[in-house]
Amino acid sequence: MIHRANPYLYGMRIALIFLILFCSISGAWAQSEILARNFFDQGEFEKALKTYEQLLKENPQNTSYFFGLVESHQQLENFTKAEELLREKLNNSANNPTLLIELGHNYELQQNTERAEQFYAEALSAVDARPNYAYSIARTFQKYSLLKNAAETYEKAMELNNELNYNLQLARIYGEQGKTEEMFKNYLELIEANPDFFSIANREFGKYISADPSTEANTAFRRLLLTRLQQNPSLLYNEMLSWLFIQEQEFLKAFSQEKAIYRRSDNSLQSILNLAVMAREAEDFDAAIEIVDYVIEEAPSENIVLQGNQFLLKMRLEKEDEKTYSEVEKRYSELLEQFGTGLNTLNLQIDFANFLAFKQDKKEEGIALLKRLSEQANRDFDKAIIKLALADILVLQEKFNEALIYYSQVQNLVKNDQISQNARFKVAKTSYFKGDFKWAKQQLDVLKSSTSQLIANDAMELSLLIEDNSIEDSTQTALKKYARADLLDFQEKNLEAIELLGEILNLHKGEKIEDEALLKQARLFEETDQPKKAENNYLAIIANFNTDILADNAHYYLAELYANELQDLEKAKEYYEQIIFNFADSIYFVDARKKYRELRGDYQETP
């Protein structure tokens, strides 16, 4: 019996064979193209040329191979051959004005600018007949950094056809050209057409807008926004002005814009609350207080009033000194009397307990408050944050073992939350305080891979401290003293901590711990308003430990000290500059570069 082949299966086999062959050939071409580009990038232009010639012979329609060949000829200064190829391509193309730019560039390479300009003008004139060609023409001009020509192309096309919109492309070109006002105008037109574009444009604005309101970019953007707001009182302009003022850290000006938005819209007070948080983080406490006072006055619910008052109390503690503590305590009591001592005021009560323990030395009262609160808590999260606060106060009392029990309970209550990682770090820190360095290091090494970058960094620093100061000194004498000074700092006994660090510096000079002690003591000198002593410590680190891990910290803190406390801007600039040139991998690099440029006057408005 004769079996006939299934035509369908036969066809499939043939198709599969062709597909395999095609993939093999495509793969070979891809490998050869990579080889050609590598030759070109390494300056081996003869080899690149021969490879591109072979590729183009096998696949004549591939434009990538064609331009690779042209560029190879140009690098070898075979300009006549390059022109011949381009003209042949132009003659065989229905209408491709970008090739005119390529021909112009070929003359540009021969220093024949006049002839090059003729070809560029001819390419631009192609837009007259077909405005839709503008994008490819302009992109080719940009390829050779001919930004003026590219801008003219887009502008002309938009004039000829008002349905075309190249504002985004023009905005970017204007930015590269330094035409900041034209750039912002184009971005504003895009945002006006689509307000959602503002969040995207912000990324571009960030390249030009700085913290200095006097820069050319800031001034131009502000002027445009204010003018447009007068002509058209749209909330969009208020939002953009608020954003600009926040970048300049002019929080009260931003507040004026946010109030206008709030009054004329159905928005909540959340954006105004966010502004208060930003002002506080920037240590503009007066602005933050004024903003929060407004929120409390306008608040539609008791919960927002409570949050606002809690926020004000935290700021008072950051801004004011011990003389006002009795007034702060009274205010806490008033708020708890007004809003109650139930779980609705849980965060306020935790803050109050911490205030009593850390600021008023009323540790037992703080503990009693937290234990009463713990009895009411039903949710694991609430129990966890109460126990965390309770453990902190126990560390303050140096009841380390009891504190460790509470921290461990927190980890079990919220296993997959960042609070759990924070509790684990506190377990390590408490073990370190009590001198159990081996166990502390084991915990810290696990936390190096924490999802919280802050915890991971803190864990790495403390782990390194323990390791570095355990190798040469098996008794860990200096490390034990340093841990004690660290505990005194936690207990806010700054003067005692400074004294103990001084003892370490006298008795353990030349040991690994010396630079750590100098840095910590310097930070405490700053906290206790002794800037000159802090300066001396930073200078000692720079002079004696300039290749060690804390050198960049010392440079940055010293620069900040000169810029803010000692008011020596030239010296501040000098130490910011040191970070830029000598510590490129420092976590302070970006901030140092920005502040250095501001001090150097890079952002001053051009006359």
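**A tour of two helix pairs**

Start by selecting helix H31 (residues 569-582) together with helix H32 (residues 589-600): their axes come within 8 Å and cross at roughly 140°. Keep in mind as you look around that this is a predicted model. Angles over 145 degrees would count as roughly antiparallel, so at roughly 140° H31 and H32 are oblique to each other.

On the H31 side, pick Leu-569, Ala-572, Lys-573, Tyr-576, Glu-577, Ile-579 and Ile-580. Facing them from H32 are Phe-589, Ala-592, Arg-593, Lys-595, Tyr-596, Leu-599 and Arg-600. Colour these residues by class and the contact of H31 with H32 shows nine nonpolar and five charged residues, with no polar ones.

Next stop: move to helix H5 (residues 98-108) and helix H7 (residues 134-143). Here the axes lie 9 Å apart, and the helices pack at an angle of about 20°. Because angles under 35 degrees count as roughly parallel, H5 is roughly parallel to H7.

From H5, select Thr-98, Ile-101 and Glu-102; they meet Ser-136, Ile-137, Thr-140, Phe-141 and Lys-143 in H7. With the class colouring still on, the contact of H5 with H7 has three nonpolar, three polar and two charged residues.

Key:
Residues numbered from 1 in each chain as written. Predicted model: local features only at pLDDT ≥ 70, side-chain atom pairs only at ≥ 80, totals over all residues. Heavy atoms only, no water. Axes fitted to C-alpha atoms, helices over the stretch in contact; angles between N-to-C directions. Helix = DSSP H or I, 4+ residues; strand = E, 2+ residues; numbered from the N terminus. Parallel < 35°, antiparallel > 145°, perpendicular 65-115°, else oblique. Contact = heavy atoms within 4.5 Å. Nonpolar A, V, L, I, M, F, W, Y, C, P; charged D, E, K, R; others polar.
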